[in-house]
Amino acid sequence: MLWCALLSMPFMGIKGGAYLFVGLCVTYSVFILLTHTFGKIRKPVIPANTTLLTVLLIIPAVAFPLLAGDYYTDVAVLAGIYIILALGVNVVIGFSGLLHLGFAAFYGLGAYSNALLTTVFGLGFWSALPLTLVLTSIAGFLLAFPALRLRGDYLAIVTLGFGEIIRLVLNNWDSVTRGPNGISNIPAPFIAGFELGGLIFYYYLVSGFVFIAAFVVKRVHRSRTGRAWLAIREDETAAEAMGINTRKYKFMALSFGAFWAGLAGALFASKMHFVSPESFTFMESVFIVCMIILGGIASVPGVIFGSLILVFLPEVLREFQLYRMLALGAGLVLMMIFRPEGLVKKGYKHDS
Amino acid sequence: MILEVRDLTKTFGGLKAIEEVSFRVRHGIILSIIGPNGAGKTTLFNCLTGILPPTKGRILFENEDISKKKAYEISAGGIARTFQNIRVFGSMSVLENVMIGQHSRSREGLFTAILGTGRFIREEDEIRSKALEYLEFAGIRDYADTLAENLPYGDRKRLEIARALAAEPRLLLLDEPAAGMNPQETLELMDLINRIREWGKTVIIIEHDMKVVMGISDWIIVLDHGVKIAEGTPGEIQNNPYVIEAYLGKEEVF
């Protein structure tokens, strides 16, 4: 938190935007807190004031879109989508240590399958969603085949290539994806027969999914599966010698990660009502990796925090125009020098 | 016989790391494998645990051929090991390290974990309490919440042993457990290995420290240049001319 304050210090003078940014951090920490509270496998006695605090934080999170105005609500929705995406990438890179640089591909697959299923096949958002998730999970599973034999930098290169292949296919397969023109008129979700296309609705929808994603990823992190992933990241040979089927768990990590990327993609397509290959470039993959590194690799609250900062900071700094990306880059470099473990340190205290 | 190795050969390109090595290990003993550096001791361990596939030969563990099995299957089947260059999971806690040892003795998957079912919680509790027992046994329970990479050297070796024990093996392979330990730590280690044997487990160790080898072994196998040159009780090995030659060089007569 201190570091976050320090990072945003130079910009505090600029408009109310900076205040909003800080306010947002507080609001979204509701989710962090919630997952902390409910994500535990063994529920310890929650002190009364923590519960009170959680309740007090839910209110601003719920009230946020009503107070912040359309522009920042819009940014918050995007931030939520990135949180889900980053949580998925975190399973692959943060937990399992598989340096995957083509995650935008799964994000794109999720977005495109949602777009195609809803526009071409006429499915609704809710019936297209499970199909999309299954599809992207399978894509993650399939990529695991070539990636399994590779470690470290070699894996990074292969996944980078994979990301580009998917983007090029989306760009060139005109008859299906309509090429660079993209797919437009993607319908909004319906609930009980009502089309819910408003911004506020998307805010709550995405927030709900962010909560589910954080909750699930956190739980899996502290389970037998999560430990197996961590062991593979730490030392693959030793993990294998301890009885872990490393092949199987790498498959699982890639599918599980792709699952969340698919969810993020589907939400993105539905929110924008439009998808085009431009949204899923290599830079996008790099951007997601930056989020998890900035926030604190392998830490769920850290990843959430990192995503929020990387989505909101450029918006808040919009006044600087061209310089904002420079400032962001400089910020990242400084982070790597002074706090390489990320904003949120991994908590290794055990629940018991 | 818990383990029987028949004509085991492992070659790396043209280099013969192990050549036609055969031996048998009786149940419940402590067997030491000694030999000069590069004799093929660690390669032998790697073949026994499935980390390297043997080029030729058979490995029978409890009368079952395991020479084609994968490392994780062998570990689940009852052989656990430690490594010469310590391989603890550095950025995980000591307790988590040992909990990973229980991997093949537990089964709950992704979905029960997400739902947090009763069965999942019970299994987690069981894994945790067992892991704590193994830490207690190895004498490092106080460090349960410490990061493994922050442990002192000797305790990291103990952690590796605790982690291997958590896999509930019937045969435990220790690769140079006493390397880099001071005399006091070495004594404690010998006591630990003896306690593991008393627990009914068979132990094979690779060791250079002759005080340890002669002090706890029931049987010793000597490797040199990938070939078994002698085996016997500690007393026999100490007086074996081939062994002396391998270690000290041939006596030149002018």
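The domain assignment divides chain B into domain 1 (25–52 + 69–77 + 169–254) and domain 2 (79–167); such bounds come from an automatic or database assignment. Residues are numbered from 1 along each chain as its sequence is written, and chains are lettered from A in the order in which they are written. The model is predicted: local features need pLDDT of at least 70 and side-chain atom pairs count only at pLDDT 80 or more, while totals for chains, interfaces and linings use all residues.

**The two domains of chain B**

The centres of domain 1 and domain 2 of chain B, taken over C-alpha atoms, are separated by 25 Å. Across their boundary, 20 residues of domain 1 of chain B are in contact with 14 residues of domain 2 of chain B, where contact requires C-beta atoms, placed from the backbone, within 7 Å. On the domain 1 side, at least two residues each come from helix H1 (41–48), H2, strand E7 (171–175) and helix H7 (183–198) of chain B. Helices (H or I, at least four residues) and strands (E, at least two) are DSSP runs, numbered from the N terminus. The most is given by E7(B), with five residues.

**The interface between the chains**

In the contact between the chains, 35 residues of chain B meet 26 residues of chain A. Helices H2 (71–77), H3 (94–101), H4 (110–115) and H5 (118–138) of chain B each give two or more residues to the side of chain B that touches chain A. H3(B) supplies the largest share of that side, five residues.

**The nonpolar core**

A nonpolar core is a set of buried Ala, Val, Leu, Ile, Met, Phe, Trp, Tyr and Cys residues joined through C-beta atoms within 7 Å. A residue is buried if 20 or more other C-beta atoms lie within 10 Å of its own, exposed if 12 or fewer, and partly exposed in between. The largest core has 183 residues, and those that touch the most other members include A:Leu85 and B:Ala162. Helix H3 (residues 48–95) of chain A gives the most to this core, with 20 residues. Both domain 1 and domain 2 of chain B give residues to the core, so it lies between them. Beyond residues up to four places away in sequence, A:Leu85 touches A:Tyr107, A:Trp260, A:Ala261, A:Ala264 and A:Ile288.

In contrast to the buried core members, B:Glu73 of helix H2 of chain B counts as partly exposed because it has 15 C-beta neighbours inside 10 Å.

**The sheet of chain B**

Four strands of chain B form an open antiparallel sheet in the order E2-E1-E4-E5. E2 and strand E5 (64–65) of chain B stand at the edges with a single partner strand each, so one side of each is left without a neighbour in the sheet. Strands E1 (residues 3–12) and E2 (residues 15–25) of chain B are joined by seven bridges; two strands pair if DSSP finds at least two bridges between them. Within this pair, B:Leu8 stands opposite B:Val21 and B:Thr11 opposite B:Lys16. In their hairpin, which has two residues between the strands, B:Gly13 takes a positive phi near 60°.

Key. Two residues are in contact if their C-beta atoms, placed from the backbone, lie within 7 Å.
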